[in-house]
Amino acid sequence: MRVGCVKEIKNNEYRVGLTPDNVVSYVNAGHEVYIENEAGIGSGFTTDEYRKAGAVILDSAKEVWDRAEMMVKVKEPLQEEYPYFHEGLILYTYLHLAADRPLTDALLSSKVKGVAYETLIERNGSLPLLAPMSQIAGRLSIQEGAKYLEKPFGGSGVLLSGVPGTPKANVVILGGGNVGTNACKIAIGMGANVTITDINLNRLAYLDDIFGARIQTLYSTDAAIENAVADADLVIGSVLIPGKAAPKIMKKAYLKNMRPGSVIVDVAVDQGGCCETTKVTYHDDPTFVVDGVVHYCVGNMPGAVPRTSTIALTNATLKYGLEIAGKGLETACKENNVVYSAINTYNGLSTCKNVSLSFNMENTDVTTLF
């Protein structure tokens with residue numbers, strides 16, 4: 001298989017889809033690897049390291065796209081990359097199609113085989129390719145929220161931990177999954193009062209077991225969320241439905257009851273966000289204010305720590321990538337039916353049910369195609 005990897009062009013995105021160590025693994029398995037010049041520089045990997053690992057270095061992204069049978073990326077392609085799509089290309093990356101109709105249409109019209117990290121579901125129900133970035137985004141959400149609570153950044157001037165004789169900050173985490181759990185760890189570690197909500201009582205029981213009296217768990221209802229965020233200094237949005245647009249559980253009407261300078265960090269922004277007031281921002285201009293509440297809605301939060309993020313992500317994606325490259329996508333699916341769950345588009349057909357539902361388009365069960 002001819003495997004390609006290009007430099008990410010999203011605003012302030014420094015992660016890269018393959019490390020030099022990954023290149024060694026692909027080359028040792030008999031594949032050709034093409035890397036765009038300086039593709040990994042933002043994550044601290046030099047072109048010389050890739051060359052020593054056995055990659056062929058090409059000067060332009062177009063050259064890599066043209067040669068690749070399988071493209072390994074981090075973020076979804078941007079509009080300027082759509083002309084590089086070609087029929088039969090395996091695109092292995094985060095896609096987040098439910099929040100991006102133009103990309104969905106471009107993949108379908110080009111008959112690209114879109115394999116999305118975020119929808120690959122293992123037999124135990126876990127999301128192994130989403131998990132490492134969820135862990136990082138969850139931990140970063142508290143770090144960033146704490147920063148934007150500072151007065152110079154537009155916040156209310158509250159320190160999460162407080163100091164003796166002053167109140168601690170109130171942190172409300174919407175969603176008790178991977179992101180929410182990791183946010184909870186950091187918020188507790190920084191000394192905040194933490195409330196976490198979820199609709200899964202078993203998950204709430206689990207969180208109660210591991211964090212005990214250090215947190216307050218709440219069953220997620222409209223009334224519970226409205227009451228909780230009214231006293232919150234920091235709200236973390238971490239609701240996920242794999243492959244589907246995030247539900248808008250944080251209503252605009254709730255903002256008027258929040259203290260001015262409170263902060264919302266919507267980690268679900270990649271899937272459209274779980275706050276009605278969410279819009280995508282970037283690291284160079286990460287916040288905006290609605291009704292006095294600071295919103296941090298960066299769509300590629302882990303890109304702020306690219307060295308850690310790249311290594312964590314590629315540790316997870318390498319195994320499945322080698323399966324796909326070594327056997328071809330179709331055979332890889334037949335021998336490991338977990339891979340089917342990652343296919344969002346295939347030869348012009350929409351094959352992820354939640355993506356199809358988001359756009360009211362016909363869905364094809366990919367397991368019937370091969």
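The lining of the second largest pocket splits into six nonpolar, five polar and five charged residues. Here nonpolar means Ala, Val, Leu, Ile, Met, Phe, Trp, Tyr, Cys or Pro, charged means Asp, Glu, Lys or Arg, and polar covers the others, Gly among them. Keep in mind that this is a predicted model, where local features need pLDDT of at least 70, side-chain atom pairs count only at pLDDT 80 or more, and totals for linings use all residues. Residues are numbered from 1 along each chain as its sequence is written.

**The second largest pocket**
- This pocket has a volume of about 280 Å³.
- Its lining has 16 residues, with K10, E76, A99, D270 and V280 closest to the centre.
- A pocket is an open set of points on a 1 Å grid over the protein atoms alone, where a 1.4 Å probe fits, with protein on both sides within 12 Å along at least five of seven lines; lining residues have an atom within 4 Å of a point.

**The largest pocket**
- About 1000 Å³ of space sits in the largest pocket.
- Of the 46 residues lining the largest pocket, G177, S238, V239, L240 and I241 are nearest its centre.
- By class, that lining holds 23 nonpolar, 16 polar and seven charged residues.

**Around Y219**
- You'll find Y219 in strand β9, residues 215-219 (strands are DSSP runs of E, at least two residues, numbered from the N terminus).
- Y219 counts as partly exposed because its relative accessibility is 42%, and partly exposed lies between buried (under 20%) and exposed (over 50%), using a 1.4 Å probe and protein chains only.

Notes: Side-chain values use heavy atoms; hydrogens and water are left out. Helices (H or I, at least four residues) and strands (E, at least two) are DSSP runs, numbered from the N terminus. Grid points are joined across faces, edges and corners, and a volume is the space filled by probe spheres set on the points.
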